[in-house]
Amino acid sequence: MGCCGSTERTKREWKPLEDRSCTDLPWFLLFTVFCVGMGSICGFTIATGGAGRLVFGYDSYGNTCGQRNEQIEGVRLSGLDQTDKKYVFFLDPCNIDIVQRKIKSMALCVSLCPDEELKTYQDLKRFAMHNGSELCSYELAGHKYPGLPERFDKCPKLPVPPSKSLPVFNRCTPVDISCYAKFAEAVVTLVSDNSVLHRLIGGVMASKEIIVGLCLLALVLSMILMVIIRYISAVLVWILTAMVVLGSLAGTSILWWLYIDHRLTTKDAKEEAEMTRDNAQALLVYAIAATVFTVIILLLMLFMRKRVALTIALFHVAGKVFIHLPLLTLQPFCTFLALLLFWMYWGLVLLFLGTTGNPVQNEETGLTEFRLTGPLQYMTWYHAVGLIWISEFILACQQMTVAGAVVTYYYTRDKTRLPVTPILSSVLRLMRYHLGTVAKGSFIITLVKIPRLMLMYVHNQLKGKENACARCMLKTCICCLWCLEKCLNYLNQNAYAATAINSTSFCTSARDAFVILVENALRVAAINAVGDFVLFLGKILIVTSTAFAGVLLLNYQRDYAEWVLPLIIVCLFAFLVAHCFLSIFEIVVDVLFLCFAIDTKYNDGTPGKEFYMDKALMEFVENSRKLERVVERGRSRPTEAVSVEGPEMKPMVSGGEWEELQEFHVYYFLVGVLVDWALGEQCTMVSLILCLTEDVVLFFCIYLPTSTLVLFATLLQKPSPVVVPQPQPKAQTPSPSKPPSSHAS
């Protein structure tokens, strides 16, 4: 049961899909107890009335509208029977607390919301007499409203706008919600200039049909790309490469052309308006950003050009997986639906917690509020941890499900004997045997993500107050935790695949997968990473195509500054959709590579140790080996004998690869410094020195040691050369005077 100090046998005996047993049962019980705790929080909020106060609403004296209430000690006008008063009415609905993001007006329970504008206190009296709905405080009589001196503090602010009740939450909401624009401006704190914010929001409202159409276009493009990956994987790599390069160059050229055309159009004008200057500046920023993006893409393509061809055959095999398992394309929808349902539940319970607790009188306003005090206030933190852990658990279930289906496909020699529904079989195996493994892996990710989120919160709170050294240290810690989280995510994914193969616990599977990956480190970099790069190009293709279509559709709006928010919304949605679809293909490629590495390590094609791999993958392997032999022969190493039929293929690092790696390190570092400096707030020499300092720390402390450690770990497992067998000389009888000598080779 131990993690690193496991007492299980050191030599792993891989028995794919043969033995099934429950794994990490204690972690399954712990996760079950945690989920029971999450449900208990929801039950507590319902039992103590927090849910009822949120749904039905409550007044400023602690009375829940629409029901009979009990007296609250020390709070006057509490314990009233509000059975006939089902709606919450705010005396001043536009009195918004900018800091707390809530309405701080007095609230009352009324029987009817005013459906017409009430301009005088006589209108309030008439409304109370005719409809029986008193809009002033409970201690004031309705027929005395016009002459009471308390009417200025305990009656609604005149004029009272017409309002209507919400469908579920019984609140009287003004029909004209223009006063809530201040609240929207308070929530959106990224833009300090209200005029700019109004222009951006106006641009979104004017382009909402275009935004919806572009989002649907991104969804269609993602599905088309999945079809292309399945059926024409042989030419997919080069098509994506050419289209990304041409699309980036075309988009950059169009933006520069628009900028030059705009400058030439306004050149003859005597006075350049402020909006015209904003348009020119916006177009210049767009063109510079597109140029930097294009340069980065071209540099990456330049350095990856020799490795791109190696992924074609692997993509072909992954395409076969999708042909045999078409339901894999529905996994993003299922995962998104599960996450959406959980997030809705989590948000609803969080709102319940906001109206749960003991009644406390606000010293500033004198209104009664409900707050969690004492140990109960830690329920909010427990609920927040549950958001991260359960979300990671759902994502891990998707990875385990896909890994189980791909493992079943790979280790089934006769593909005609695959289960009728491999996806459903994988889900059933997950629920029956491996929920504990998924819970443990997701908990490890949670332990890393929580400190990173806390540091990000501290960094945002101290923005502009800390010195350059503190900012550099915070960014370094956040970056280190982010890198650790990504590495653990990749290791967890391979651990789930190893669990699906051999039904071992999480730690044992993670150790076995790590050993396999270290033994094939350069092959991981050459095949797996290039595959991820190609999928990244697919995501960029979808985003750039959607953005290009957005530029063409939004071109009729001459106010170019209003483009930014619609284009950001569309690009974010396009990237999210493309990531959801192509991440499934990425998981399939990674699982196939792990299965292939295990297959080549423990099988050699002899009777009893036959390969499980597909014929197309074997052709890919043979072509790669032939290419490596040609390269090695061209570099003239006559002292080494190369095996022709070696059962295992070990990675080797050549001098040319080292030179390419060092060259890539230098260009990667320079491009990182320039991009960081260009995207900074002030492009000065001081900011360039600070960016250079930060990037040097990140480069030498994180990126360079990580890549060097992986290569060094590979070199430690240097393969022994396979010598071509030579004919053995016949044994000679040693002379009596000279005994036979022993040689240690």
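**Close-up 1. Disulfide C136–C155 in the predicted model.** The S-S torsion of C136 and C155 is about 115 degrees, so this disulfide (cysteine sulfur atoms within 2.5 Å) is right-handed. C136 sits in the loop between α3 and α4 (151-154), and C155 in the loop between α4 and β5 (163-165), so parts 19 residues apart in sequence are tied together. Helices (H or I, at least four residues) and strands (E, at least two) are DSSP runs, numbered from the N terminus. The two sulfur atoms are 2.0 Å apart. Both cysteines, C136 and C155, are buried (under 20% relative accessible area; exposed is over 50%, partly exposed in between; 1.4 Å probe, protein chains only).

**Close-up 2. Disulfide C65–C109.** The S to S distance is 1.9 Å, and the link of C65 and C109 is left-handed, with -80 degrees about the S-S bond. C65 is buried at 1% relative accessible area, as is C109 at 1%.

**Close-up 3. Disulfide C113–C172.** S to S is 1.9 Å; with -75 degrees about the S-S bond, the link of C113 and C172 is left-handed. C113 lies in the loop between β4 and α3 (121-131) and C172 in strand β6 (residues 172-174), so the pair connects parts 59 residues apart in sequence.

**Close-up 4. C479 and C483.** The sulfur of C479 is 4.1 Å from that of C483, its closest cysteine sulfur, too far for a bond. C479 is partly exposed, at 23% relative accessibility.

**Notes.** Residues are numbered from 1 along each chain as its sequence is written, and side-chain values use heavy atoms, without hydrogens and water. In this predicted model, local features need pLDDT of at least 70 and side-chain atom pairs count only at pLDDT 80 or more, while totals for chains, interfaces and linings use all residues.
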